[in-house]
Amino acid sequence: MQHPRLPSTIAFDVAPRFLVSKRLSFWRPAERAEVSIETLHKQLPPYMPQKGEQYMSARQRAHFKQLLELLRDELSADIERTVQTMQDEATVFADPNDRASQESDIAIELRNRDRERKLIKKIDETIAKIDADDYGYCKSCGAEIGLKRLEARPTATMCIDCKTLEEIRERQVAK
Ligand SMILES: [Zn+2]
């Protein structure tokens with residue numbers, strides 16, 4: 001991405017430091033509102049199965065599809081918002097130090113965007129699995145992943161036991 005450089009002007013050179021940091025903090029990743037599943041559950045409360053209801057009934061599948069679509073919409077909106085903010089902010093700094101700090105912030109943002117795009121791809125794959133009625137079961141052992149875990153991680157493809165085991169193995173390989 002190109003970031004246009006503004007010519008140094010008196011006005012920019014004397015811009016008070018606090019003003020600059022205030023503007024930067026607006027899109028610092030740590031301070032940006034993250035898309036979270038908790039927020040989504042305010043719009044779409046967790047599914048309450050009826051007594052004796054079959055696991056991954058049509059209504060449950062519809063619920064998780066809706067949850068995933070909401071999550072995808074939020075992520076897409078978030079990507080658009082940050083790209084827009086970066087474009088708006090890109091013309092502000094004349095001081096090289098500010099530019100350096102801005103550029104490292106932009107690098108972090110771009111990494112976040114990349115992560116969000118990958119998550120969107122995973123969401124699309126998960127929705128395709130719901131449509132194919134192949135959702136909610138562990139890809140490793142075939143057990144039910146469970147409603148509670150899927151509410152927290154609707155893109156989960158493994159039950160908590162297999163996932164934990166995988167993470168332990170990954171940590172051992174990393175050592
Ligand atoms: Zn499993």
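Ala, Val, Leu, Ile, Met, Phe, Trp, Tyr, Cys and Pro are counted here as nonpolar, Asp, Glu, Lys and Arg as charged, and the others, Gly among them, as polar. On this basis, the lining of the largest cavity in the predicted model comprises 4 nonpolar, 4 polar and 1 charged residues. The residues concerned are T126, K129, Y135, G136, Y137, I145, T155, A156 and T157. The volume of this cavity is about 40 Å³, and a search of the whole structure returns 1 cavity of 30 Å³ or more.

The chain contains 7 helices and 0 strands, so that, under the DSSP assignment of helices and strands, the order of elements from the N terminus is α-α-α-α-α-α-α. Of its 175 residues, 35% are classed as buried. Among contacts with a separation of 6 or more, 68% are made by residues 24 or more positions apart.

In soluble globular proteins, nonpolar side chains tend to be buried together. The largest nonpolar core of the model consists of 26 residues, and M56, F64 and L150 are those with the most contacts inside it. At least two residues of this core come from each of α3 (37-43), α4 (58-89), α5 (96-131) and α6 (147-152). The greatest contribution is that of α4, with 7 residues. With residues up to four places away in sequence left out of account, F64 touches M56, I130, Y135, L147, L150 and E151.

A pair of aromatic rings is described by the distance of the centres and the angle of the planes. The structure holds 2 aromatic pairs. In one of them, the ring centres of Y55 and Y137 are 5.3 Å apart and the planes stand at 90 degrees, so the arrangement is edge-to-face. This pair links distant parts of the chain, since Y55 belongs to the loop between α3 and α4 and Y137 to the loop between α5 and α6, 82 residues apart. Y55 counts as buried because its relative accessibility is 14%, under the cut-off of 20%. Y137, at 37% relative accessibility, counts as partly exposed; Y137 is also one of the residues lining the largest cavity.

The rings of F64 and Y135 have centres 5.7 Å apart and planes at 50 degrees, so this pair is tilted. Because F64 lies in helix α4 and Y135 in the loop between α5 and α6, the pair ties together parts that are 71 residues apart in sequence. Both F64 and Y135 are buried. Y135, like Y137, is found in the lining of the largest cavity.

Most residues other than glycine have a negative phi. M56, although not a glycine, has a positive phi of about 60 degrees. M56 is located in the loop between α3 and α4 and is buried, its relative accessible area being 5%. A positive phi, of about 55 degrees, is likewise found at D133, which is not a glycine either. D133 lies in the loop between α5 and α6 and, at 49% relative accessibility, counts as partly exposed, because exposed residues are those over 50%.

Terms used:
Residues numbered from 1 in each chain as written. Predicted model: local features only at pLDDT ≥ 70, side-chain atom pairs only at ≥ 80, totals over all residues. Heavy atoms only, no water. 1 Å grid on protein atoms, 1.4 Å probe; cavity = no way out; pocket = protein on both sides within 12 Å on 5 of 7 lines; lining within 4 Å. Points joined across faces, edges and corners; volume = space filled by probe spheres on them. Core = buried A, V, L, I, M, F, W, Y, C linked by side-chain atoms within 4.5 Å. Buried < 20%, exposed > 50% of the residue type's maximum accessible area, 1.4 Å probe, protein only. Helix = DSSP H or I, 4+ residues; strand = E, 2+ residues; numbered from the N terminus. Contact = heavy atoms within 4.5 Å. Phe/Tyr/Trp six-rings, centres within 6.5 Å; stacked < 30°, edge-to-face > 60°.
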